[in-house]
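Dear colleague,

I am passing on the structure below, with some notes on what was found in it. Please keep the two together.

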Amino acid sequence: MIGDIVETKRCQLKDPMDLFHSGQVVKICAPMVRYSKLAFRTLVRKYSCDLCYTPMIVAADFVRSAKARDSEFTTNKGLHLSCGEAVSGFPVIQRGIHEDLKRTVDLCQKAEATGVSWITVHGRSVEERHQPVHYDAIKIIKQSMSIPIVANGDIKTLKDAENVHHLTGADGIMVARGLLANPAMFAGYEETPLKCIQDWVDIALEHGTPFTCFHHHLMYMMERITSKQEKKVFNVLSSTSAVLDYLNDHYGV
């Protein structure tokens, strides 16, 4: 089995379904290999993200390797299991749509019949990479279902999230790369604020985040606020101390 763990923003919620019953669009951080670690999930929850997924977990590796367990299952209170297949009583992610939309709707309805909690739909087929997202297809799926539907695909700002909600009627919005580039996106920031960068430094150091992960996240976060020349310097820094000195000298962080 391959799956992820869902963490709630508010640990007092015993069931993340409570969020879908709140009347608000649920804002979700997608599962991202190498990037959805506890430190980053902690950061985005400070900036209005309701639910976070851990990286994808391969059950066989998780059972065999203590390193895999320590790396991929570092978490806190407020958990729910998400499986990459239809399992009664758990949410399921539908990774994409089929060219024949009827087949996708049929699959989603079968998953609903097994008792899954909600379904996330990425609005592209497996073959599509950079083509426009089929939000109309997500809307049709939403209209065909009784359980919550989460929309995913090319959402980079809070305004995008609001537009997709209105286009599809989705109960939740899931974002991946948009949050890597701007972890404060769901809080309405157009680009990563310096306060968020400072929060990332504090959280990452507190959690003992490995340098490569620490540095890569900063490269994503600072993409929109650094010049090409600054990127050439910052992206080749090779130690935590060098990064901290750079941030302090150039941004007062």
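Which residue just after α9 takes a positive phi? That residue is Gly208, with a phi of about 65°. Please note that the model is predicted.

Helix α9 itself has 13 residues. From its first C-alpha to its last it reaches 18 Å, close to the 18 Å expected at 1.5 Å a residue. Its buried residues are Cys196, Ile197, Asp199, Trp200, Val201, Ile203 and Ala204. These pack against three helices: α2 (38-45), α10 (211-221) and α12 (240-251).

The largest nonpolar core has 54 residues, and Phe40, Ile119, Trp200, Leu218 and Leu247 have the most contacts inside it. Helix α9 (residues 194-206) supplies the largest share of this core, six residues. There is also a second, separate core of 11 residues, with Ile28, Leu51, Tyr53 and Trp118 among them.

Leaving aside residues up to four places away in sequence, Phe40 touches Cys29, Met32, Tyr35, Leu179, Leu180, Pro183, Trp200 and His217. Phe40 and Trp200 also belong to one aromatic cluster together with Phe214.

Next, helix α5 (residues 101-114). Its 14 residues should span 20 Å at 1.5 Å a residue, and the end C-alpha atoms are 20 Å apart, which agrees. Thr104, Val105, Cys108 and Ala111 are buried in α5. They lie on the same side of the helix, because they cover an arc of only 125° around the axis. The face turned away from that buried side carries the exposed residues Lys102, Arg103, Lys110 and Ala113. After α5 comes Gly115, with a positive phi near 105°.

Searching the whole structure gives six aromatic pairs. In one of them, the ring centres of Phe20 and Trp118 are 4.9 Å apart and the planes meet at 45°, so this pair is tilted. Phe20 is in helix α1 (residues 17-20) and Trp118 in the loop between α5 and β7 (119-122), so the pair links distant parts of the chain, 98 residues apart. Phe20 and Trp118 are both buried.

Phe234 and Tyr246 form another tilted pair, at 5.2 Å centre to centre with 55° between the planes.

Regards

Notes
Residues are numbered from 1 along each chain as its sequence is written. This is a predicted model: local features need pLDDT of at least 70, side-chain atom pairs count only at pLDDT 80 or more; totals for chains, interfaces and linings use all residues. Side-chain values use heavy atoms; hydrogens and water are left out. A nonpolar core is a set of buried Ala, Val, Leu, Ile, Met, Phe, Trp, Tyr and Cys residues joined through side-chain atoms within 4.5 Å. Buried means under 20% relative accessible area, exposed over 50%, partly exposed in between (1.4 Å probe, protein chains only). Helices (H or I, at least four residues) and strands (E, at least two) are DSSP runs, numbered from the N terminus. Contact means heavy atoms within 4.5 Å. The expected span of a helix is 1.5 Å times one less than its number of residues. The arc is that of the directions from the helix axis to the C-beta atoms. Rings of Phe, Tyr and Trp (its six-membered ring) pair if their centres lie within 6.5 Å; planes under 30 degrees apart count as stacked, over 60 as edge-to-face and the rest as tilted.
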